[in-house]
Amino acid sequence: MDHFWENEFIVTAGYYSVSILCIVVFLAVFELVTKYRNWEEIKKGNISVAMATGGKIFGVANIFRHSINQHDSLLTMISWGVFGFILLLIGYFIFEFLTPKFNIDKEIENDNRAVGLISMVISIGLSYIIGAGI
């Protein structure tokens, strides 16, 4: 049975499955912390929400990419991926805090594409920094 878990196809499928599951869970967490409903706004054609959500998906996937590359066990990969997600979430709150003149969530909900774009770039950029650290 040990040979089964050493098969590269099985290992890759395991990393893939766990990463997808984590992305879904983390998107649910982001849904809870934002004031808008991501998928309802995307369904309505809100480009800003789509960009911000896409940045979050890319960011989490990039964090897991680095975690898979740097760690050799599934449990360690998950642990570092969760830690990276927490750092990305903190980055979201810092972004909100550093813009006291307007509310990021309201601007994105109102389809302010400039805010949606910068939110996307911040998520992606932070994911590279977080990934390099893990």
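Helices are DSSP runs of H or I, at least four residues long, numbered from the N terminus. By this criterion Asp105 lies in helix α6, which covers residues 104-109. The model is predicted.

The chain contains 7 helices and 0 strands. Read from the N terminus, its elements follow the order α-α-α-α-α-α-α. Along the principal axes, the C-alpha atoms fill a box of roughly 55 × 30 × 20 Å. The chain has 134 residues, and 37% of them count as buried. Among contacts with a separation of 6 or more, 69% join residues 24 or more positions apart.

Three spans carry the feature "transmembrane region" in UniProt, in an unreviewed entry: residues 13-34, 74-95 and 115-133. In the model, residues 13-34 are 95% helix and 0% strand. The end C-alpha atoms of that span are 31 Å apart. Residues 115-133 are 100% helix and 0% strand, with end C-alpha atoms 27 Å apart.

Helix α4 has 24 residues and reaches 34 Å from its first C-alpha to its last, close to the 34 Å expected at 1.5 Å a residue. The N-terminal end of α4 is capped by Asn46. A side-chain oxygen of Asn46 lies 3.1 Å from the backbone nitrogen of Ser48. Helix α5 also has 24 residues, and should span 34 Å at 1.5 Å a residue. Its end C-alpha atoms are 35 Å apart, which agrees.

The largest nonpolar core has 17 residues. Within this core, Phe26, Phe30, Val60, Phe64, Phe85 and Leu88 touch the most other members. Helices α2 (8-33), α4 (47-70) and α5 (74-97) each supply at least two of its residues. The greatest contribution is that of α2, with 7 residues. A separate core of 7 residues includes Tyr36, Phe95, Ile104 and Val115.

Helix α5 contributes buried positions along its length. Met77, Gly81, Gly84, Phe85, Leu88, Leu89, Gly91, Tyr92 and Phe95 are buried in this helix. The buried residues of α5 pack against α2, α4, α6 and α7 (113-133). Which residues does Phe85 contact, leaving aside its neighbours within four places in sequence? Phe85 is in contact with Phe26, Val29, Phe30, Val60 and Ile63.

The structure holds 7 aromatic pairs. Phe30 and Phe85 form one that is edge-to-face, with 5.4 Å centre to centre and 85 degrees between the planes. Phe30 lies in helix α2 and Phe85 in helix α5, so this pair ties together parts that are 55 residues apart in sequence. Phe30 has 2% relative accessibility and therefore counts as buried. Phe85 counts as buried because its relative accessibility is 5%; the cut-off for burial is under 20%.

Trp80 and Phe83 form another edge-to-face pair. Their ring centres are 5.8 Å apart, with 85 degrees between the planes. These two residues are 3 residues apart in helix α5, so about one helical turn separates them. Trp80 is partly exposed, at a relative accessible area of 32%. Phe83 is partly exposed as well, at 40%. Phe26, Phe30, Phe64, Phe85, Tyr92 and Phe93 form one aromatic cluster.

The setting of Asp105 can now be described. Is Asp105 buried or exposed? Asp105 has a relative accessible area of 1%, so the residue is buried. Residues up to four places away in sequence not counted, Asp105 touches Val33, Thr34, Lys35, Tyr36, Tyr92 and Glu96. Its side chain makes a polar contact of 2.5 Å with the side chain of Tyr92. A polar atom of the Asp105 side chain also lies 3.2 Å from the backbone nitrogen of Lys35. Tyr92 is part of the aromatic cluster, and Tyr36 is among the members of the 7-residue core.

How values were computed
Residues are numbered from 1 along each chain as its sequence is written. This is a predicted model: local features need pLDDT of at least 70, side-chain atom pairs count only at pLDDT 80 or more; totals for chains, interfaces and linings use all residues. Side-chain values use heavy atoms; hydrogens and water are left out. A nonpolar core is a set of buried Ala, Val, Leu, Ile, Met, Phe, Trp, Tyr and Cys residues joined through side-chain atoms within 4.5 Å. Buried means under 20% relative accessible area, exposed over 50%, partly exposed in between (1.4 Å probe, protein chains only). Contact means heavy atoms within 4.5 Å. The expected span of a helix is 1.5 Å times one less than its number of residues. A polar contact is a pair of N or O atoms within 3.5 Å; within protein, one must be able to donate a hydrogen and the other to accept it, and residues adjacent in sequence count only if both atoms are side-chain atoms. Rings of Phe, Tyr and Trp (its six-membered ring) pair if their centres lie within 6.5 Å; planes under 30 degrees apart count as stacked, over 60 as edge-to-face and the rest as tilted. UniProt positions are given in the numbering used here, feature names are shortened, and annotations may be inferred rather than shown by experiment.
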